[in-house]
Amino acid sequence: MPAGKYAVGFLELLVMKDLDNVAIVHADDSFSRDVAIGAKKWAERFGLKVVLFEGFIKGTINLDDIAQRAKAANAEVLIVCGHMDESVNMRLSLKNIGWHPKAYFASVGPATQAFHDNLKDDAEHVFSSSQWEPVANFPGSKEFNDAFVEAYKGQPSYHAAAAYAAGRLLTAAIVKAGSIDREKVRSVLYRMDAMSIVGRFGVDSTGMQTKHFNVIIQWQKGKKEIVWPEELKTAKPLFR
């Protein structure tokens, strides 16, 4: 799913909860900026008020100052666009300044078990986006998860699931094309509409993914729960 749409499901939850004031902050790498720009665009489309939109230097460990600015802007919700370090460091900064927004969303990092292993109880109630979760019952998902656990003695991340799904989709395209010719396989992939273990696959004429979507997860009682979309959710979203 394009980075610019990572936060869409979470923003929908905010609308349903009548939470309006959103602060969006991001690291200054290209992925994080794309997530942030997309989050701002979609927040405004949903009628939400972006009270702070600000970047910071990637690698900054202490984010207390920017957390303070989000609090001073009367944000009800804080969205952090970055990777694992940013998601952990901002959660620690929120603890440092004693501010608990009604919802805290961080892209990428909280979708992995390492986030909870690092923060323990401080991971509670944190939202994130995930490309795939084992409990999302897409065709072959459970079988993949069980086989991975047996082989590697640990739960697969969405990175592993996406890699497996890509391999299966490429195989299907080669079979349908009847060839390994690059252009023929590419032509099939452009026209393919298929289900995989991470969900539906389909791209536009530029190769941009249009069918797959992220799920929104939240840490609740030490466990990742899917809280969006409605048809896949395993728990209700919790807000402070």
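A cavity is a set of points, on a 1 Å grid over the protein atoms alone, where a 1.4 Å probe fits but cannot get out; its volume is the space filled by probe spheres set on the points, which are joined across faces, edges and corners. A search of the whole structure finds one cavity of 30 Å³ or more.

The lining (residues with an atom within 4 Å of a point) has 15 residues, and R91, P101, Y104, E124 and R240 are the closest to the cavity centre. Eight of the lining residues are nonpolar, three polar and four charged.

## The nonpolar cores

A nonpolar core is a set of buried Ala, Val, Leu, Ile, Met, Phe, Trp, Tyr and Cys residues joined through side-chain atoms within 4.5 Å, where buried means under 20% relative accessible area (1.4 Å probe, protein chains only). The largest has 36 residues; F10, L11, L14, V77, I79, F127 and I216 touch the most other members. Another core, of 30 residues, lies apart from it and includes L94, Y104, A123 and V215.

Contact means heavy atoms within 4.5 Å. Leaving aside residues up to four places away in sequence, I216 touches residues including F10, F105, F127 and W228.

## Basis of the values

The model is predicted: local features need pLDDT of at least 70, side-chain atom pairs count only at pLDDT 80 or more, and totals for chains, interfaces and linings use all residues. Residues are numbered from 1 along each chain as its sequence is written, and side-chain values use heavy atoms, leaving out hydrogens and water.

Conventions:
Buried means under 20% relative accessible area, exposed over 50%, partly exposed in between (1.4 Å probe, protein chains only). On a 1 Å grid over the protein atoms alone, a cavity is a set of points where a 1.4 Å probe fits but cannot get out, and a pocket is an open set with protein on both sides within 12 Å along at least five of seven lines; lining residues have an atom within 4 Å of a point. Ala, Val, Leu, Ile, Met, Phe, Trp, Tyr, Cys and Pro count as nonpolar, Asp, Glu, Lys and Arg as charged, and the others, Gly among them, as polar.
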